[in-house]
Amino acid sequence: MAGAVASASALLCLPLQKPIRTTLRFSTKTHSFHFSKPKVSAFRWNSVRVRPVITPCNCFSSNTTHYEFSDGSSEVELRLQLGGQDDVSAKDILVDADGTSLTVKARRAGSFVTLIDTNSLFEKIKPAETIWYIDDDQLVISLKKQDPDLKWPDITESWESLSAGSMQLLKGTSIYIVGDSTEINEKVARELAVALGYTPLVTKELLETFTKQTVDSWVHSEGSDSVAEAESAILESLSSHVRAVVATLGGCHGAAGRTDKWRHLYSGFSIWLSQTEALDEDSAKEEARRHIEDGSVGYSNADVVVKLQGWDTDHAKSVAQASLSALKRLILSDKKLPGKKSLYIRLGCRGDWPNIKPPGWDPSTATDAPPPATLPN
């Protein structure tokens, strides 16, 4: 099973629309290509970074429990069917809410039965303001949201609710998947694209289509520097586009693995899929912290990190869910992040992320470099 340890996140799902075709061009010192790419209307937004740990959703409800859910802006309401029991009173109900957890039990035939038990509410609540009452054959629970501006698609954080909720936070910002494995990057990127209604793009496919050779043969004939340079040119062309999930090349010949090739990757939210042999989340988090503080690996520039224990293609959706959860936490920690990403693009992706300089700043003459990424405590 693929375990995931990650960093902050965002949510909402848009249907894919028929794209308008336009020509996108890019070039390197040794190659010149062009290809058609869907044109998407521009958005405005902003960004920064943080890094929490992702825990798997553990939501349980009995097979006979049915519920209705509604979001009323400052609070959410959950209605649970009590199964047509007569003479149900307050003493027959137990409701325990705390932060992002909720446990609900009801007495049946002399013993308590669990109706819902989750430690992954969609977002944080104010447990002291929880209200519940019995309405005919329903238990009504009102939970006060800590963030009244965040729309909850459902009571718990799940693949479905993250997919349905992400665009309200992403605001069209593209996503870049980076890491050592090209295969993993591609599989997870496609899952995310389908969930979000984004355009899936794979730099490996683009490179191989327009050079008429495989990346491996290219590396063998011209070296990994040439491949990284070409991929960097593709990323430059894609940096002004929105609503795309881009899977980048893995390994030493990919642009994302090089610290000097991140100028255009900063235009979107980047997710580093990092394989680890760590046996628990604390060890994996410490491993990520060391990589980020060291700064020698280009992937350490990513906005969030998702640690994987092993890999199988069947785990792609689980890793994609962890990635969305991480992005949700990231953006909720600073809602100006999508707008900051947009500003970075409008100013020309000059490499001054996350400390964006005023208009007119020239990176070629700058003496002050942005500080290295750090993993907050």
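**Reading the labels on a predicted chain**

Mentor: Of the 377 residues in the chain, 50% are buried, where buried means under 20% relative accessible area, exposed over 50% and partly exposed in between (1.4 Å probe, protein chains only). This is a predicted model, in which local features need pLDDT of at least 70 and side-chain atom pairs count only at pLDDT 80 or more, while totals for chains, interfaces and linings use all residues. Residues are numbered from 1 along each chain as its sequence is written, and side-chain values use heavy atoms, with hydrogens and water left out.

Trainee: Happy to start there! Why is Ser 174 called buried?

Mentor: Its relative accessible area is 3%, and the limit is under 20%, so Ser 174 is buried. Leaving aside neighbours within four places in sequence, Ser 174 has contacts (heavy atoms within 4.5 Å) that include Tyr 198, His 241 and Phe 269.

Trainee: What makes Cys 252 exposed and Cys 349 buried?

Mentor: Cys 252 has 63% relative accessibility, which is over 50%, so Cys 252 counts as exposed. Cys 349 has 3%, which is under 20%, so Cys 349 counts as buried. A search of the whole structure for disulfides (cysteine sulfur atoms within 2.5 Å) finds zero.

Trainee: Why is the pair of Trp 262 and Tyr 266 called tilted?

Mentor: Rings of Phe, Tyr and Trp (its six-membered ring) pair if their centres lie within 6.5 Å; planes under 30 degrees apart count as stacked, over 60 as edge-to-face and the rest as tilted. Trp 262 and Tyr 266 are 5.8 Å centre to centre, with 50 degrees between the planes, and are therefore a tilted pair.

Trainee: And why is the pair of Tyr 266 and Tyr 344 edge-to-face?

Mentor: The ring centres of Tyr 266 and Tyr 344 are 6.3 Å apart and the planes stand at 85 degrees, so this pair is edge-to-face. Tyr 266 lies in the loop between strands S16 and S17, and Tyr 344 in helix H9, so the pair ties together parts 78 residues apart in sequence. Helices (H or I, at least four residues) and strands (E, at least two) are DSSP runs, numbered from the N terminus. Ring pairs link Trp 262, Tyr 266, Tyr 344 and Trp 353 into a cluster.

Trainee: How do you know that the charged end of Lys 341 sits over the ring of Trp 353?

Mentor: The test asks for NZ of Lys or CZ of Arg within 6 Å of the ring centre and within 35 degrees of the ring normal. Lys 341 sits over the Trp 353 ring, 4.1 Å from its centre.
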